[in-house]
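Biologist: I'd like to go through this model with you, bit by bit. Where shall we begin?

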Amino acid sequence: MEPEVTLLAQSAGTTLVALMATDAWHRARDGITQLWRRTQPERAETVAAELAAGREDVLAATAADDRETLDELRLQWQGMVRRLLVARPAAVEELRVLLDQLDPGGSAAARQISQHATASGQARVYQAGRDQHITER
């Protein structure tokens, strides 16, 4: 179960930090805080305070285009979530449901994309896992 927990924690950290800079922040904060209240109630207030401080850090890093800080924050939350899931394996499914509610399309860390294409003659194939803009003349 360890690889599954690690992947879920990565997805949670990525999703949470991304949502800290959006209008969905309050839902994300409330959902994560409730998860901790149910699984590790003695740490819930500390986590709530860390979420608030983390949001301020994310907003400042986003404004300054500081990718290094954003990466550090993702790793911080991935670690916190992974430790929670290792200590409380029953929280895995609850976190999965929460992430589906917060990020219905799934984060890039949680998705796998497989593409296959064949071109012949003068045909061209353009594939993308997300947005693609092509300008040809």
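Modeller: With a term: a residue is called buried under 20% relative accessible area, exposed over 50%, and partly exposed in between, using a 1.4 Å probe and protein chains only. This is a predicted model, where local features need pLDDT of at least 70 and side-chain atom pairs count only at pLDDT 80 or more, while totals for chains, interfaces and linings use all residues. Residues are numbered from 1 along each chain as its sequence is written, and side-chain values use heavy atoms, with hydrogens and water left out.

Biologist: OK, how many helices and strands does the chain have?

Modeller: There are five helices and zero strands, and the order from the N terminus is α-α-α-α-α.

Biologist: What share of the chain is buried?

Modeller: Of the 137 residues, 31% are buried.

Biologist: Let's zoom in on Trp36. What is Trp36 in contact with?

Modeller: Skipping neighbours within four places in sequence, Trp36 contacts Pro41, Arg43, Ala44, Val47, Met80, Val81 and Leu84. A contact is heavy atoms within 4.5 Å.

Biologist: Which other residues of α2 are buried along with Trp36?

Modeller: Trp25, Ala28, Gly31, Ile32, Thr33, Leu35 and Thr39 are buried in α2 too. The cover over the buried residues of α2 includes α1, α3, α4 and α5. An α-helix has 3.6 residues a turn, so residues three or four places apart point the same way.

Biologist: How far does α2 reach from its first C-alpha to its last?

Modeller: With its 15 residues α2 reaches 21 Å, close to the 21 Å expected at 1.5 Å a residue. The expected span is 1.5 Å times one less than the number of residues.

Biologist: What about helix α4, how far apart are its end C-alpha atoms?

Modeller: They are 30 Å apart, which agrees with the 30 Å that 21 residues (67–87) should span. Its buried residues include Leu70, Trp77, Met80 and Leu84, and the buried residues of α4 pack against α1 (2–19), α2, α3 and α5 (91–102).

Biologist: Now Gln40. Is Gln40 buried or exposed?

Modeller: Gln40 counts as buried, because its relative accessibility is 9%. You'll find Gln40 in the loop between α2 (25–39) and α3 (44–63). Not counting residues up to four places away in sequence, Gln40 touches Leu84, Ala87 and Arg88.

Biologist: New topic! How many salt bridges are in the whole structure?

Modeller: Eight. A salt bridge here is a side-chain nitrogen of Lys or Arg within 4 Å of a carboxyl oxygen of Asp or Glu. One of them joins Glu2 and Arg82, with the closest N and O atoms 3.4 Å apart. Glu2 lies in helix α1 and Arg82 in helix α4, so this pair ties together parts 80 residues apart in sequence.

Biologist: And which residue does Glu45 form a salt bridge with?

Modeller: Glu45 pairs with Arg37, and their closest N and O atoms are 2.9 Å apart. Glu45 is exposed, at 54% relative accessible area, while Arg37 is partly exposed, at 36%.

Biologist: How far apart are the closest N and O atoms of Glu94 and Arg38?

Modeller: In that salt bridge they are 2.4 Å apart. The pair links distant parts of the chain, with Glu94 in helix α5 and Arg38 in helix α2, 56 residues apart. There's also a network in which salt bridges that share partners join Glu4, Glu93 and Arg96.

Biologist: Last one: what pLDDT does the chain average?

Modeller: The average is 88, and 90% of the residues score at least 70. pLDDT is the predictor's confidence in each residue, from 0 to 100. Over residues 108–112 pLDDT stays under 50, and the model has six contacts beyond four places in sequence for that stretch.

Notes
Helix = DSSP H or I, 4+ residues; strand = E, 2+ residues; numbered from the N terminus.
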